[in-house]
Amino acid sequence: MSVSSFREELKNILKEPNTTTITSIKKIVHDNNYFNLSDADRRSILDQVLRCYVLDIVLSKPPNLYDVCNMWTSFTIELVRNEMSTAIMPVVILSDMFDVTTMDVCEKMFDHVESNVNVLKEPQFFMACKNNLLRMCNDLLRRLSRSRNTVFCGRILLFLAKFFPFSERSGLNIVSEFNLENVTEYLDENHFDQTEEEMPEDSIPENEAKSDITIEKVNVDKNLYLKFWSLQDYFRNPNQCYKAEHWKLFISHTDFIFSTFQSHKLEHVNRMDNESVEQNMHYFPKYLTNIKLLELQLSDVNFRRYILIQFLLLFQYLDAPVKFKLDNFKIKPDQQEWIKNSITTIYELINNTPPDGVRFSEVVKNILQREEQWNKWKNDGCPEVTKRLPTSDSSDMPAPKRRLRRNLGDVIKNMTANNKVFLGDPELTKLWNLKPDNLEACKGPERDFLPSFDSFFQEAFEQLDPELCIESQYKKVNDGNFGWRALRLLARKSPHFFAQSNNPIHKLSEYLENMIKKTMSKEKISINQGSDKHVSPNKEFKKESVIESEEVDISEGIQDENENENNIEVEDKNKISKQIIDQVAAKIGEKWNVLAEKLGYQPDEIEFVKTIKTTPLDQATYLLEVWVEDAENPKPENLIYILEEIQLTEAADILKS
């Protein structure tokens, strides 16, 4: 049976998707009479057929497109659960539907995305679908208008907030960038029309006369108009305030606006009708900067609160320790004092702005306090957020739910299947399973705490110089602790240090002085001669000691050469060859991005690999090659441990062999 026949039979089965359809597909996929294909190839063919078939249905514009979307979304999810399709297919099908339908239809079909958020967060779907789902939502947002489709935009952003974990870096403004494209356009001095400064009294809309807020008329002139709207540029880009010329202009405009707000206070008037609060609320998707509207805007309580909160956010940023600020972005003490006084003025204005000014002020303070915690969390590198249980002893606190304990036999069975050891205590279990072979791990270079010969004896050698005139009781050779460690180091260096001699030494300090002179003098002179440096004549005793230590130096040289050869052999043995990398990459395949996260690579680095390598095999090979070259300790044992942890046992077996 050819591949084309296999595709045609799949198309015939997909005409009426239901529970029996899945059974029929499963029968075809596992039929041995068909073309000899691997499981991955069969899934790929089914994905392609399914995608083309659904796209043809959507392009035919059926009247019940909402039900069609629901049916195929549920059907593809079941296919993935039965391991007959790749995990990204539900999102791919939805993305294709959104691409070829109008925004009104997309808004209705997005219900299926929201209703399946818990399904898409399952481990089987999340890692495979998260990038496609983010791309689909971003494509929708680019097609939408923030002012006309505000509700739909909000639904998409709320869905992404529910789908991605709290610490997902792709949804965070890590480097604290500002949206500099959000420009508020208004009349400048050259185009300002003086005839528009006066607003007729009868131009106020009828519904504004019934407002809960009354205000004495504000004289909106050119000066007020230009200063008021020019402040929006500082709210858009607060970094301008760190420049002296901009700061001076900013405080001038700000003080003028504060004085305007203080001189024209709003007064609350009790309403006599039973109109709901929702009907009296106003929403401003974007500021309207017509001069005729400014008088009405300044008399609106919501508009005034928007402006005051913008000031508070700006002041908080100027004095906040943001990690990605430039070093010269710091405010001076006099600026801090002005900001402190301005914040006091703002809260007074909010308290005096009805209705519920004091209560609204407390809400704003709480929001800004949470903003400080958010900023601190980002400065700390966005660590994983864990939920802390209440520590209070109060009887009013509800008792935390007890976690269900897993069966001990199941735990041991699971650990044994992964070549792990279970010791009962979590910390001991974690410590014992850090390396596949603990005895070999103890022999690793990071466990070698033996100091080098030169570094250990350097200070003692310098103290032997008679020019320094150091008293004997202050020399390190007379320190018992130093002497004991020195004997152990000499024993590790060479057994010739303890050979019998005709001149017995009765004191440990004398013996150490003798050995240090012999060994350290030889090394110092050889270094100086290699660099064409002259040896000082007042240190002839070092030259004489060279002749006496020839036998020791020869044996040490032989031993050092052997140690170097052994180190080279161990290093070559530990390094993973190119042939092994290719074999391991073939077994890793599409799960290379899971391995990359376990190896500590960031999402932007993983995306970079996807841009330069197209197939999963090439991506996995490139990842392993980079890890072998850049990792501090690229031992096969470390890679085996991580591969076993993410259930890639076949790849781990290749490294073991």
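Analyst: What follows starts with the core, moves to one helix, and then visits other sites.

The model is predicted, so local features need pLDDT of at least 70 and side-chain atom pairs count only at pLDDT 80 or more, while totals for chains, interfaces and linings use all residues. Numbering runs from 1 along each chain as its sequence is written, and side-chain values use heavy atoms, with hydrogens and water left out.

First, the core. A nonpolar core is a set of buried Ala, Val, Leu, Ile, Met, Phe, Trp, Tyr and Cys residues joined through side-chain atoms within 4.5 Å. Buried means under 20% relative accessible area, exposed over 50%, and partly exposed in between (1.4 Å probe, protein chains only). The largest such core has 46 residues. Trp-72, Phe-98, Ile-156 and Phe-159 have the most contacts inside it. Helices H3 (39–59), H4 (65–81), H5 (89–99), H6 (103–115), H7 (117–120), H8 (123–143) and H9 (150–163) each supply at least two of its residues. Helices here are DSSP runs (H or I, at least four residues), numbered from the N terminus.

Take Ile-156. Leaving aside residues up to four places away in sequence, Ile-156 touches Phe-110, Cys-137, Leu-140, Leu-141 and Leu-144. Contact means heavy atoms within 4.5 Å.

Now H5. The rest of the structure largely encloses H5, because 10 of its 11 residues are buried. The buried residues include Met-89, Pro-90, Val-91 and Phe-98. Ser-95 and Asp-96 are buried too. The buried residues of H5 pack against H3, H4, H6, H7 and H8.

Helix H28 (residues 636–645) is also largely enclosed, because 8 of its 10 residues are buried. Asn-638, Tyr-641 and Glu-644 are among the buried ones. Just after H28, Gln-647 takes a positive phi of about 65 degrees.

Gln-463 lies in helix H19 (residues 453–463). Its relative accessible area is 11%, so Gln-463 counts as buried. Not counting residues up to four places away in sequence, Gln-463 touches Leu-468, Ile-470, Tyr-474, Lys-475 and Lys-476.

Last, an exposed residue. Leu-431 is found in helix H17 (residues 426–432). Leu-431 counts as exposed because its relative accessibility is 55%.
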